[in-house]
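Here are my notes on this one, in the order I'd go through them with the model open. Have a look at it first, then read on.

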Amino acid sequence: RGNRRLQLLSKMGTKFAKIVPGHFFHICNRAVGSEPLFLLPADYYSFLDRMGKFVIPAAELHAYCLMSNHFHLLVRVREEVKPEFFISQMNRLQSTYAKKFNFINERIGGLFMRPFKRVMIETEAHLITTFWYIHRNPLHHLITSDWESWPYSSYSHYLREEPGILTTNFFKDLLGGAEQIRQDHRLQADYFWREHRSLTLE
């Protein structure tokens, strides 16, 4: 029983990693129970606006995907911020959105799971896999086969050369530009998904 408890705690620890400034993290959270986070396009855009307000002061944003009941972010925590500040900003992102969502929908109670999941990325393979996985999330969850056109993902920003709140130069340099990013997402992501699936967050 003791060994089983240690295994569970170890597994939990990987999903609630200590925040280390200067490092990449895969962030994921979902709604409580089976409830939705986003009902209308305006909800998605409201959350995106808050990402700019709360996430960007604490981290570079390299990729995101918002789904109906959960979201994924790929961030690099800024060197100069304290871990507590990053966590506080993420909590403010969620709490301010939840407050407005509850008011509009006449809803009471918590909206997001607590705490939010985060995994520190320590290898280039893990980083690239996470980048592709986040963008292809609508396909992974069988929402649509046309994942490239999903409007609430950062993928199109890389192809349109419109970074917005994103930091895009890092992955463009790493993978060889926008067209190579497109090809890699289409041709190589399936292989990396098979090889590195255990590294992803749900």
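1. Let me start with R186. At 43% relative accessibility, R186 is partly exposed, a label for anything between buried (under 20% relative accessible area) and exposed (over 50%), with a 1.4 Å probe and protein chains only. R186 sits in helix α8, residues 178-187. Leaving aside residues up to four places away in sequence, R186 touches R136 and E148, where a contact means heavy atoms within 4.5 Å. R186 and R136 are 50 residues apart in sequence, yet their C-alpha atoms are 9.4 Å apart.

2. A word on what we are looking at. This is a predicted model, so local features need pLDDT of at least 70 and side-chain atom pairs count only at pLDDT 80 or more, while totals for chains, interfaces and linings use all residues. Residues are numbered from 1 along each chain as its sequence is written, and side-chain values use heavy atoms, with hydrogens and water left out.

3. On confidence: pLDDT is the predictor's own confidence in each residue, from 0 to 100. The protein averages 86, and 85% of the residues score at least 70. Over residues 1-13 the pLDDT is below 50, and that stretch has zero contacts in the model beyond near neighbours in sequence. I'd read α1 (2-15) with that in mind.

4. Now the overall layout. There are nine helices and four strands, taken as DSSP runs numbered from the N terminus (helices H or I, at least four residues; strands E, at least two). The order from the N terminus is α-β-α-β-β-α-β-α-α-α-α-α-α. Of the contacts between residues at least 6 apart in sequence, 72% join residues at least 24 apart.

5. Burial and surface. Of the 202 residues in the protein, 46% are buried.

6. Which residues have the most contacts inside the largest nonpolar core? They are M51, L66, L73 and F86, in a core of 52 residues. Each of β1 (24-30), α2 (41-55), β2 (59-66), β3 (70-77), α3 (83-104), α4 (124-135) and α7 (169-175) supplies at least two residues of this core. A nonpolar core here is a set of buried Ala, Val, Leu, Ile, Met, Phe, Trp, Tyr and Cys residues joined through side-chain atoms within 4.5 Å.

7. α2 has 15 residues and should span 21 Å at 1.5 Å a residue; its end C-alpha atoms are 20 Å apart, which agrees. The expected span is 1.5 Å times one less than the number of residues. Buried residues in α2 include Y44, F47, L48 and M51, and their cover includes β2, β3 and α3. α3, with 22 residues, reaches 32 Å from its first C-alpha to its last, close to the 32 Å expected. Among the buried residues of α3 are F86, M90, L93, Y97 and F101, and what covers the buried residues of α3 includes β1, α2, β2 and β3.

8. Cysteines: buried or exposed? C28 is buried at 1% relative accessible area, and C65 is buried at 0%. A search of the whole structure finds zero disulfides, counting a pair of cysteine sulfur atoms within 2.5 Å as one.

9. The loop between α3 and β4 (117-120) is worth checking by eye. E106 lies in this loop, just after α3. Phi of E106 is near 50 degrees, a positive value in a residue other than glycine, and E106 is exposed at 76% relative accessibility. Further along, P115 is in that loop too, and a cis peptide bond joins R114 and P115, with omega about -5 degrees.

10. Finally, F16, found in the loop between α1 and β1. F16 is partly exposed, at 25% relative accessible area. Not counting residues up to four places away in sequence, F16 touches P115, F116, K117 and R118. The C-alpha atoms of F16 and I27, eleven residues apart along the chain, are separated by 9.4 Å.
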